[in-house]
Amino acid sequence: MDNEVSAGSAGTSTLGHLALGLTLLAFGVGNTGVIDNVAAADAAGLATWVGGVALFVAGLLEFRAGNAGTGTAFSGLGAFWFTWGTGAGTEVSAEAAGLFLLLWALLALTLTAASAGSGLFGQVVYGLLFVSLLLLGIASFAENDGLAKAGGWAGAVAGLAAWYGATAALAKWPTFSGRAAGRGVTATG
């Protein structure tokens with residue numbers, strides 16, 4: 001790649017949010033139990049390659065372009081999805097699964113706090129991701145299906161928000177602020 005050309009762009013951010021949205025939506029719906037014979041583990045392939053690898057690469061491109069907030073979000077969440085996707089279906093204790101989810105909820109909380117001054121989009125997506133991982137982690141410790149379903153719904157809504165934000169950026173639809181999206185969405189707004 002030519003060093004004179006920026007690697008990260010509004011397009012990279014939009015692609016990253018599409019990857020995040022689709023992965024979160026599949027993961028969230030799988031945890032809700034709303035579709036018969038579809039579980040969260042069924043999203044492992046999507047989580048590994050789209051949410052993991054593609055999102056991580058998008059994060060590296062954002063770092064290269066000087067977008068530290070979006071780079072951190074995409075690279076960190078890419079690492080989460082890759083780790084979760086490659087480990088889905090393996091035998092671990094409920095406590096280990098709960099701890100894994102709670103530790104990654106801390107990343108989502110950091111992303112939520114980092115997006116506080118930059119717009120509603122990041123706050124909604126990362127805030128709902130935090131709620132989802134927190135509820136799923138607690139549900140794993142408590143072996144509570146109701147909390148797991150609630151966490152799944154929070155994840156699915158976060159996925160829809162990320163997908164809508166990216167689609168709005170591409171189609172120049174209104175965003176949460178009521179303005180037409182003229183450029184890619186970012187981790188901070």
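How much accessible surface does the protein have, and what share of it belongs to carbon and sulfur atoms? About 8,700 Å², with 66% belonging to those atoms (Shrake-Rupley method, 1.4 Å probe; for residues, only the protein chains shown count as cover).

Before you click around: this is a predicted model, so to speak of local features takes pLDDT of at least 70 and side-chain atom pairs count only at pLDDT 80 or more, while totals for chains, interfaces and linings use all residues. Residues are numbered from 1 along each chain as its sequence is written, and side-chain values use heavy atoms, with hydrogens and water left out.

**The whole protein.** Switch to cartoon view and you'll find six helices and zero strands (DSSP runs numbered from the N terminus: helices are H or I, at least four residues; strands are E, at least two). Of the 189 residues, 43% count as buried (under 20% relative accessible area; exposed is over 50%, partly exposed in between, with a 1.4 Å probe and protein chains only).

**Helix α4.** Select residues 94–114. The end C-alpha atoms of these 21 residues are 30 Å apart, in agreement with the 30 Å they should span at 1.5 Å a residue (the expected span is 1.5 Å times one less than the number of residues). Among the buried residues of α4 are Gly-98, Leu-101 and Ala-105.

Now pick Leu-99, Leu-103, Leu-106, Leu-109 and Phe-141: together they form a nonpolar surface patch with about 460 Å² of accessible area. Patch residues have over 30% relative accessible area and no salt bridge; like charges are joined within 9 Å, nonpolar side chains (Val, Leu, Ile, Met, Phe, Trp, Tyr) within 5 Å. A salt bridge puts a side-chain nitrogen of Lys or Arg within 4 Å of a carboxyl oxygen of Asp or Glu. The biggest giver to the patch is α4, with four residues.

**Asn-31.** Jump to helix α1 (residues 10–32), where Asn-31 sits. The Asn-31 side chain reaches the backbone oxygen of Phe-27 at 3.1 Å. Leaving aside neighbours within four places in sequence, the contacts of Asn-31 (heavy atoms within 4.5 Å) include Ala-40, Leu-136 and Lys-149.

**Ala-39.** Next, the loop between α1 and α2 (44–64) holds Ala-39, which is partly exposed at 37% relative accessible area.

**Helix α6.** Finish at residues 145–171, a 27-residue helix. Asn-144 caps the N-terminal end of α6, a side-chain oxygen lying 2.9 Å from the backbone nitrogen of Gly-146. Just after α6, Lys-172 takes a positive phi of about 60°.

Key. A polar contact is a pair of N or O atoms within 3.5 Å; within protein, one must be able to donate a hydrogen and the other to accept it, and residues adjacent in sequence count only if both atoms are side-chain atoms.
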